[in-house]
Amino acid sequence: MIQPYPPENPDKHGFLERYAPVLLNQKKVQQILNMYAKGERTFHRLDLRGVTLENLDLTGIDLSGANLTNATLINVNLTCAKLIEAQLMNAELVNVELDRANLSWTNLRGATLIHTPLTKATLRNTVLPSGEVSN
C-alpha cells in the first residue's frame, strides 16, 4: 500500500504537542531576560510552562499570573519578586531565594522545593506543595 504524503498524522507520537510549547516558552525566556537586562521588570500572565531558569538574578521581577507549571528553577534569586496568582504546579525549585517575594494566591501544589525556604515570603491564600492553603 502506498503511504499518503504528507503522512496523515505526522505527530502520531505526540512529540510536537508535548515539546513544542516548552521549546517556544524557553525561547520566550531569552526575550524576557533581554528585556529584564534593559530594566523592564513587569511580565504579567506569561505562559512559561516547562521552562528552565538557572543561575539567574531576577530580583524584583513581576511574574504575576504567569504559568510556570512543570518549570525548573535552579539557583534563581527572586528576592522581592511578585508571583501573585502564579501557577507553579509540579515545578522544581532548587536553591531559589524568595526573600520578601509575594506568592499570594499562587499555586505550588505538587512543587518540589529544595533549599528554597518560604519563611520570608508572603503566602496569603497560597496553595502549598502539599495542597494545603496558607492563611
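Leaving aside its neighbours within four places in sequence, with which residues is I84 in contact? The contacts of I84 are S64, G65, N102, S104, W105 and T106, where contact means heavy atoms within 4.5 Å. The model is a predicted one, in which local features need pLDDT of at least 70 and side-chain atom pairs count only at pLDDT 80 or more, while totals for chains, interfaces and linings use all residues. Residues are numbered from 1 along each chain as its sequence is written, and side-chain values use heavy atoms, with hydrogens and water left out.

I84 lies in the loop between β2 and β3; helices (H or I, at least four residues) and strands (E, at least two) are DSSP runs, numbered from the N terminus. With a relative accessible area of 25%, I84 is partly exposed. On this scale, buried means under 20% relative accessible area, exposed over 50%, and partly exposed in between, for a 1.4 Å probe and protein chains only. I84 and T126 are 42 residues apart along the chain, and their C-alpha atoms are separated by 9.1 Å.

Two strands pair if DSSP finds at least two bridges between them. In general, strands of a sheet pair through backbone hydrogen bonds, either parallel or antiparallel.

The pairing can be followed strand by strand. β1 is joined to β2 (residues 72–77) by five bridges, and the two run parallel. Within this pair, T52 stands opposite T72 in β2, and L53 stands opposite L73 in β2. Three bridges join β2 to β3, which also run parallel, and here I74 stands opposite V94 in β3.

The nonpolar interior comes next. A nonpolar core is a set of buried Ala, Val, Leu, Ile, Met, Phe, Trp, Tyr and Cys residues joined through side-chain atoms within 4.5 Å. The largest such core has 32 residues, and those with the most contacts inside it are I61, L68, L78, L98 and L103. Two or more residues of this core come from each of the elements α1 (15–37), β1 and β2. Of these, α1 gives the most, with three residues. In soluble globular proteins, nonpolar side chains tend to be buried together. Not counting residues up to four places away in sequence, L98 touches L78, L83, L103, T116, P117, L118, K120 and A121.

L63 is found in the loop between β1 and β2 and is buried, with a relative accessible area of 5%. Beyond four places in sequence, L63 touches F43, L48, L68, K82, L83 and A86. L63 and T42 are 21 residues apart in sequence and 6.7 Å apart in space, C-alpha to C-alpha. N102, already named as a contact of I84, lies in the loop between β3 (92–94) and β4 (112–114). N102 is buried, with a relative accessible area of 19%.

Most residues other than glycine have a negative phi, and most peptide bonds are trans. R100, in the loop between β3 and β4, has a positive phi of about 60° although it is not a glycine. R100 is exposed, with a relative accessible area of 52%. H115, in the segment after β4, has a phi near 55°, a positive value in a residue other than glycine. At 64% relative accessibility, H115 counts as exposed.

One ring remains to be described. R41 lies over the face of Y36, at 3.7 Å from the ring centre; a charge sits over a ring if NZ of Lys or CZ of Arg is within 6 Å of the ring centre and within 35 degrees of the ring normal.
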